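Trainee: Can we go through how the chains in this one meet? I'd like to take it a piece at a time.

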Protein chains: 2
Amino acid sequence: MRQFLVVGHDAPTDPDFSLDDIAGGAGRLDVLCRCVNSAFFLSHDLREDVQVHLVLSDEYTVSFSGADLRRLNPDERSTAALIRGALEEKREAIGHQPVETSPGVSLYRMGFADTFERIARDATVVQLHEDGDPLPEVEPPENPLFVLSDHHDFADPETDLLADATDRRVRVGPKRLHADHTITVAHNYLDTDGYERY
Amino acid sequence: MRQFLVVGHDAPTDPDFSLDDIAGGAGRLDVLCRCVNSAFFLSHDLREDVQVHLVLSDEYTVSFSGADLRRLNPDERSTAALIRGALEEKREAIGHQPVETSPGVSLYRMGFADTFERIARDATVVQLHEDGDPLPEVEPPENPLFVLSDHHDFADPETDLLADATDRRVRVGPKRLHADHTITVAHNYLDTDGYERY
């Protein structure tokens with residue numbers, strides 16, 4: 001399975017934001033929505049063997065599971081609506097018990113560290129980092145967990161945790177990309193399995 | 001220069017659509033907006049040496065020029081607003097003379113064939129096609145023009161024109177991707193120049 005953990009530092013934790021302003025008032029939720037798109041969509045198909053975890057301001061995490069996902073559309077607005085719908089039920093997420101708010105979409109009352117611990121156990125943790133090894137030089141892991149940040153750099157506690165827990169540091173190219181574009185490149189790399197003939 | 005020509009078969013030609021419904025009533029304009037995002041955005045930077053041409057229902061073409069672009073933001077809604085703004089001035093696009101409707105954004109009264117003729121002259125025409133050669137086996141051209149379709153296949157006249165005019169047919173991987181993801185992979189390929197050490 002391929003997992004993507006995306007840290008949204010300014011993302012909303014209340015459902016009172018407007019879908020007309022997800023790139024403004026909703027703390028750049030558009031960035032996270034595009035990551036969900038890149039992680040799941042193929043042309044006229046969905047990647048079932050993928051999970052995406054969006055950390056919202058270190059308080060909540062919305063997890064998307066490709067095997068169970070329904071009602072996901074490619075546009076940012078409808079994905080933001082799914083996230084807003086999850087936050088509308090946040091009172092139901094008690095302790096570390098999640099609440100499934102739409103098929104394949106669950107809300108956890110967990111910040112970055114708890115989510116990381118929950119999902120990293122059987123995974124190879126891959127940090128996307130500008131000083132990492134070039135992607136083509138890295139043997140594709142079987143169960144990668146890619147950890148990415150939104151439009152901000154990782155915060156210090158996140159950096160510290162990742163310094164201990166990362167199995168591989170990788171960069172996807174000579175240019176710094178948006179998180180969603182990085183996901184697309186990582187998928188393509190794994191799809192083509194080291195760029196042998198396909 | 002890298003150019004991307006994206007054919008929007010259902011895209012609006014009137015500015016009377018709602019920004020709240022770009023994935024529905026506005027003929028999947030969201031697909032084209034994501035292509036603009038993938039073509040131009042780097043992390044905290046813009047690719048200046050890029051042009052994107054969106055063909056709208058074979059009647060108009062909106063061209064974005066990275067060297068002159070201002071006011072482009074990554075989210076779909078604001079890009080849709082730029083396209084709507086261009087269509088609001090369509091009466092000013094007389095004959096083949098474009099009208100610049102925002103810095104770096106011009107509207108042409110041209111469909112696919114005329115736009116293709118306008119932009120293909122000094123370019124290597126690369127058609128993304130599922131029967132094409134794998135991207136890593138193709139020497140990166142200096143001035144590529146990538147021709148892509150939205151969520152539909154190319155229409156017959158487009159296919160015929162491309163059959164004659166295409167220099168290379170390429171596929172980006174074993175899976176069929178959305179147009180915007182294809183652009184991201186193509187950029188990454190050109191950035192890393194055949195995956196030598198970067």
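Trainee: Which residue of chain A does B:R77 meet in a salt bridge?

Mentor: Keep in mind that this is a predicted model, where local features need pLDDT of at least 70, side-chain atom pairs count only at pLDDT 80 or more, and totals for chains, interfaces and linings use all residues. Residues are numbered from 1 along each chain as its sequence is written, chains are lettered from A and ligands numbered from 1 in the order in which they are written, and side-chain values use heavy atoms, with hydrogens and water left out. The rule wants a side-chain nitrogen of Lys or Arg within 4 Å of a carboxyl oxygen of Asp or Glu. Here N to O comes to 3.6 Å, and the partner is A:D20.

Trainee: How many salt bridges does the rule find across the interface of chain A and chain B?

Mentor: The B:R77 pairing with A:D20 is a salt bridge between these chains. Across the whole interface, the rule's count is two.

Trainee: Which element gives the most to the side of chain A that touches chain B?

Mentor: Helices (H or I, at least four residues) and strands (E, at least two) are DSSP runs, numbered from the N terminus. Those giving two or more residues are α1 (29–40), β2 (41–42), α2 (76–87) and α5 (179–192) of chain A. With six residues, the top contributor is α5(A).

Trainee: How many residues does chain B bring to the contact?

Mentor: Contact means heavy atoms within 4.5 Å. Chain A brings 38 residues, and chain B brings 38.
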